[in-house]
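Trainee: I would like to learn how to read a model like this one. Where do we begin?

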Amino acid sequence: MKKVKNSIQWFSPSSGEVFFDDLLSNKVEIGIVGYASVLALNDFAFYSVMVILISITSIVCNLFFNRSDFTKAHNALPGFFFSILSSLLVVYLGYHEILASLIFLLLCFMSLYSIYNQKRALHEFFSAGLLLGIAALIFSSWILMFPVLIISSAAVGILNWRRIVVFLMGLLLPILYY
């Protein structure tokens, strides 16, 4: 029976003898390594979490598309296609951090999309920044969406200095609190 000393060792075959296949086949004795060990050792737990995350994200995706009136009639096709594509990717990649953070990113987009043609939209900018900050805590690459969202808001013409400051405060709140 092989023993894992740290959790970084399992995902990189070049760094040690323990491979991810050994973890899935229960050939490795796990100490205290974190939440990923339960998902890595138990296929049922991993796929249950993936089904829940994909379902919630599909519902939020449908809500975003139906509220923002991208199409004339409300339909469930965006959520359906999202669930099919993300299910195929989860089988090969297993990105549960991206799926968990994508829920907050879609809610951020919904908040920003509701700002158009509003005079007082500081609350929506703060909530969008807060949701982007939570998404960045879960998956740190989403922090790169901050300049993209600022530039796109400026291009639409709904941006001023107060809204930038409020958006930045909302973004930094979960990061500084964590």
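**Reading the model**

Mentor: Start with the surface. This is a predicted model, and the accessible surface of its chain comes to about 11,400 Å², with 69% belonging to carbon and sulfur atoms.

Trainee: What share of the 178 residues is buried?

Mentor: Buried residues make up 38% of them.

Trainee: How many helices and strands does the chain have?

Mentor: Nine helices and two strands. Along the sequence the pattern reads β-α-α-β-α-α-α-α-α-α-α.

Trainee: What about contacts across the sequence?

Mentor: Take the contacts between residues at least 6 apart in sequence. Of these, 61% join residues at least 24 apart.

Trainee: Now a helix pair. At what angle do α6 and α7 pack?

Mentor: About 170°, with the axes 8 Å apart. Angles over 145 degrees count as roughly antiparallel, so α6 and α7 are roughly antiparallel to each other.

Trainee: Which residues make the contact?

Mentor: On α6 (residues 96–113), they include Ala100, Phe104, Leu105 and Cys108. On α7 (residues 122–138), among them are Phe125, Ala128, Leu131 and Ile138.

Trainee: How does the contact of α6 with α7 divide by class?

Mentor: It has 13 nonpolar, three polar and two charged residues. Glu97 of α6 and Glu124 of α7 are among the contact residues.

Key:
Residues are numbered from 1 along each chain as its sequence is written. This is a predicted model: local features need pLDDT of at least 70, side-chain atom pairs count only at pLDDT 80 or more; totals for chains, interfaces and linings use all residues. Side-chain values use heavy atoms; hydrogens and water are left out. Axes are lines fitted to C-alpha atoms, for helices over the stretch in contact, and angles run from 0 to 180 degrees between N-to-C directions. Helices (H or I, at least four residues) and strands (E, at least two) are DSSP runs, numbered from the N terminus. Angles under 35 degrees count as roughly parallel, over 145 as roughly antiparallel, 65 to 115 as roughly perpendicular and the rest as oblique. Contact means heavy atoms within 4.5 Å. Ala, Val, Leu, Ile, Met, Phe, Trp, Tyr, Cys and Pro count as nonpolar, Asp, Glu, Lys and Arg as charged, and the others, Gly among them, as polar. Buried means under 20% relative accessible area, exposed over 50%, partly exposed in between (1.4 Å probe, protein chains only). Accessible areas come from the Shrake-Rupley method with a 1.4 Å probe; for residues, only the protein chains shown count as cover.
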